[in-house]
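Me: Hi! Could you walk me through this structure in plain words?
Reply: Happy to, let's look at it together.

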Amino acid sequence: MVTSVPRLVVAAPSSGSGKTTVATGLMAAFAARGLAVSPHKVGPDYIDPGYHALATGRVGRNLDAYLCGTELIGPLFAHGARGCDLAVVEGVMGLYDGAAGEGELASTAQVAKLLRAPVVLVVDASSQSRSVAALVHGFASWDPEVRIGGVILNKVGSDRHEAMLREALDASGVPVLGVLRRAPQVDTPSRHLGLVPVAERRSEAVEAVAAMAAQVSAGCDLDALAALARGAGALSGAAWDPAEAVESPTHDHPTRPADKPAPAPAVPGAEALTGGPARPAGKRAPVVAVAGGEAFTFSYAEHTELLAAAGAEVVPFDPLRDEHLPDGTRGLVIGGGFPEVYAAELSANEPLRKAVAALAESGAPVAAECAGLLYLCRELDGRPMCGVLDATARMDERLTLGYRDAVAVSDSVLAAAGTRMRGHEFHRTVVEPGAGAAPAWGVRAPERRVEGFVQHGVHASYLHTHWASEPGVARRFVERCLTS
């Protein structure tokens, strides 16, 4: 199979240059032209894809070479971009910044090379003029395998400032494809872990995305950008497919996935949530409840796709508003988010807290990541939570952030002991104790430690993982739903 969807990677010299504004604005501007735009984000970010989804009407997807392995970047991209006219990939941090101590691994530059995609460099030009040429030249020449196809100048102060920047860049060989002036209306509010998610400010987010689209449409050469995207190289190999992935025997043993592309897709449509292995006659698909709403916004689209492909009926619910778990719930997934912001409301929903505790006590599979871990604790910032874990959680000033190499310490509903996975931590909270009698993971860096909890059917941890790297996690979880 050959993937030839036109595509661009939007990168920058550093964080704060305006990547999200430009990438989201481009997505929305191209979508307004009637194009089916596939949105992607490099790295483990959960918040930007929410804005991308608003801009395109499609699920925002992540491309993370550390969590999933370089071999899955192309297949996961092809899966998300199937049937689209154009794809826009927002980078992470600076163009060449990746996982600490791992060279180019997980950098925007590496993903651009794996996708054979041209890069558009967004430069914050607010405090420079002629020096912009030296900066662009350095980024364009650093790695000859990275093709910087154009520059978008952001935060330009005036017509004279723009003329100076254009004159400096004339000799660089890198064309200017857009100039954006300072526009406070496109700003999005931030707090302790970055931008405020779309789910918490939907009407304002819709307005912000519309403003981004208007600014980009007015300041960028969309025709030239589309032509640049059409110059991306073709990708060979099969698109990732959840139904094929959960059936793959390569994920039945405790190891990292094999370095080979995913098998050819069997189910058309990037958003398909049906399919999976056949169940014995008379067996109903087990209901797996997945937490959502404003408090639990962090999830990868591939997780629900894998659960459905493994035979589950995936049903969302909102812990802030729903007093009961979905009817027939046999398993529970509580991902990341901001329970610390909604601790009072979560605590006030006592019927649901008791329902979650009862489900966990029954031995049903429960998978909780980061925010889910906090919700299962006895209390969060002094407010009662579900009490599934004999632990307390509280806000902390220190930011815990980074990729982690992990190995499963205890057999659980997600993985057999010895299974190696990669994860990511991102929080300003502390759970005491940090691990139970049966820890979830052993982590090697930045220091050797064990963390998380495995008890009965519960697997709770700070670690965010991407199940596409180990689809057996979803299969194992659904099998436990059927037998618990």
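**The sheet and its neighbours**

Reply: This is a predicted model. In it, six strands form an open sheet in the order β13-β12-β14-β15-β23-β22, with mixed pairing.

Me: Which are the edge strands?
Reply: They are β13 and β22 (453–455), and each pairs on one side only. From one strand to the next, the twist averages 15°.

Me: In what sense do β15 and β23 pair, parallel or antiparallel?
Reply: Strand β23 (residues 458–461) and β15 pair in the parallel sense, over four bridges. A367 stands opposite H459 in β23.

Me: And which strands does α13 touch?
Reply: Helix α13 (residues 350–361) packs on the sheet and touches β13, β14, β15 and β23. Its direction makes about 110° with that of β14.

Me: New topic: how do α1 and α9 cross?
Reply: The axes of α1 (residues 19–32) and α9 (residues 222–230) come within 12 Å and cross at roughly 95°. That angle lies in the range 65 to 115 degrees, so α1 is roughly perpendicular to α9.

Me: Which residues make the contact?
Reply: α1 brings L26, A29 and F30, while α9 brings L222, L225 and A226. By class, that contact has six nonpolar, no polar and no charged residues.

Me: Last one: how much space lies in the second largest pocket?
Reply: About 1,100 Å³. The second largest pocket is lined by 44 residues, and F296, T297, F298, S299 and Y300 lie nearest its centre.

Me: Which element gives the largest share of that lining?
Reply: α11 does, with six residues. The lining of the second largest pocket divides into 25 nonpolar, twelve polar and seven charged residues.

How values were computed:
Residues numbered from 1 in each chain as written. Predicted model: local features only at pLDDT ≥ 70, side-chain atom pairs only at ≥ 80, totals over all residues. Heavy atoms only, no water. 1 Å grid on protein atoms, 1.4 Å probe; cavity = no way out; pocket = protein on both sides within 12 Å on 5 of 7 lines; lining within 4 Å. Points joined across faces, edges and corners; volume = space filled by probe spheres on them. Helix = DSSP H or I, 4+ residues; strand = E, 2+ residues; numbered from the N terminus. Nonpolar A, V, L, I, M, F, W, Y, C, P; charged D, E, K, R; others polar. Axes fitted to C-alpha atoms, helices over the stretch in contact; angles between N-to-C directions. Parallel < 35°, antiparallel > 145°, perpendicular 65-115°, else oblique. Contact = heavy atoms within 4.5 Å. Pairing = 2+ DSSP bridges.
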